[in-house]
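I opened the file to look up how one stretch of the chain is put together. My notes follow in the order in which I checked things.

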Amino acid sequence: MEQRHLGGTGLRVSRIGLGTLGWAVDADAASAEQEAADQLKAFWEAGGTLVDTADVYADGGTEHLLGRLMQDLVPRRELVIATKAGSVPDPTRRVDASRGHLLSALDASLERLGTDYVDLWQLHAFDPLTPLDETLQALDIAVSSGRARYTGVCNFSGWQLAKAGAWQLAAGGARTRVAGAQMEYSLLQRGVEREVLPAAVDLGVGLLPSSPLGRGVLTGKYRGESRPWDSRGASPHLAPFVEPYLDARAARVVDALAIAADGLALPPAQVALAWVRDRPGVVAPLVGARTSEQLAEALSVEGLSLPDEIRRALDDVSAPVHRYPDHDWSEL
């Protein structure tokens with residue numbers, strides 16, 4: 001699999017990443033571990049390196065599982081492990097990016113993963129209750145102490161990313177630059193193109209799209225009233241995650257995608273994944289497959305490049321409405 005640099009850094013990652021949000025969800029422990037093992041092995045054998053997780057996935061269970069698999073199945077040195085910290089199970093405060101919480105969370109992640117360091121440590125979300133400088137100091141400490149090699153952010157708005165990235169760059173070598181920004185990005189969610197993506201490109205921050213298949217909707221499995229019993233849309237835990245992309249606008253995009261896929265004799269998921277993988281500023285979409293068969297289909301996109309006319313058609317049908325102030329005011 002082709003390797004790409006993460007933003008303006010020397011860190012190289014596979015241009016498809018493996019997401020682990022669905023590991024250990026809606027399955028018994030034995031079958032979940034076997035499915036995760038099958039996915040990780042297939043990903044590694046295909047040349048994949050970037051594996052993304054978080055301290056809150058399955059209440060830490062996903063990190064535990066990944067740690068065991070790195071001991072028994074895939075060598076740690078051959079993977080780029082990315083994890084996140086900052087989300088907390090507190091209904092009154094969903095994000096805690098204080099220096100104390102973040103560094104304690106990192107230590108706990110390292111223990112669960114069974115490793116001395118993570119390759120990419122990411123803030124799970126922006127914390128409006130903690131001074132940004134304090135939050136960023138935690139990133140500096142993580143790198144200077146050797147517990148993290150690179151750092152990134154997730155779910156930041158354009159101004160939040162620009163402020164964090166500029167703050168780190170302004171102090172020169174004294175601060176750890178933001179290497180990556182993990183954001184939801186797909187044919188059904190192109191909001192990052194408004195401000196986040198331009199900021200990332202300007203700052204030399206690599207974009208890591210999450211949910212590149214529109215939370216599974218771009219596979220085409222939910223067309224009409226269809227809700228396959230074994231899908232995320234039918235899962236008691238993940239159905240609310242899928243629901244926002246089952247509206248009329250999404251249906252039009254999925255219909256157009258299906259037409260394009262039929263013309264190319266390919267599954268819709270492969271076309272959707274190739275589209276987002278090759279967008280400007282994108283480093284590696286993160287694929288969170290439910291089964292190893294679904295992952296194999298996604299990984300087979302490696303040799304696919306969409307024809308220009310297909311790409312333009314998908315651009316047009318999924319285009320978000322961005323006017324003032326994104327366009328030249330004199331043209332409005």
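Predicted model: local features only at pLDDT ≥ 70, side-chain atom pairs only at ≥ 80, totals over all residues.

Entry 1, helix α5. I looked up which elements its buried residues touch. The buried residues of α5 pack against α4, β7, β8 and α6 (196-203). Those buried residues are Gly-158, Gln-160, Leu-161, Ala-164, Gly-165 and Gln-168. I then asked why they lie on the same side of α5. They cover an arc of only 170° around the axis, and therefore share one side of the helix. On the other side of α5, I found Trp-159 and Ala-170 exposed.

I get 13 residues and 18 Å from the first C-alpha to the last, close to the 18 Å expected at 1.5 Å a residue. Just after α5, Gly-172 has a positive phi of about 65°.

I looked up its pairing with β6 (residues 118-123): the two run parallel and are joined by five bridges. Within this pairing, Leu-120 has Tyr-150 of β7 as its bridge partner. Between β6 and β7 the chain passes through helix α4 (residues 132-144), in a right-handed β-α-β crossover. With β8 (residues 178-184), β7 also runs parallel, and here I count four bridges. Thr-151 stands opposite Val-178 of β8.

I find eleven helices and ten strands. The radius of gyration is 19 Å, close to the 20 Å that the globule rule gives for 332 residues, so the chain is as compact as a globular protein of that length. Along the principal axes, the C-alpha trace spans about 60 × 55 × 40 Å. Of the 332 residues, 52% are buried. Last, I looked at the contacts with a separation of 6 or more: residues 24 or more positions apart account for 78% of them.

Methods: Residues numbered from 1 in each chain as written. Heavy atoms only, no water. Pairing = 2+ DSSP bridges. Right-handed = clockwise from strand over helix to strand, strands pointing away. Expected span 1.5 Å × (residues − 1). Buried < 20%, exposed > 50% of the residue type's maximum accessible area, 1.4 Å probe, protein only. Arc of directions from axis to C-beta. Contact = heavy atoms within 4.5 Å. Rg over C-alpha atoms; globule rule 2.2 N^0.38 Å.
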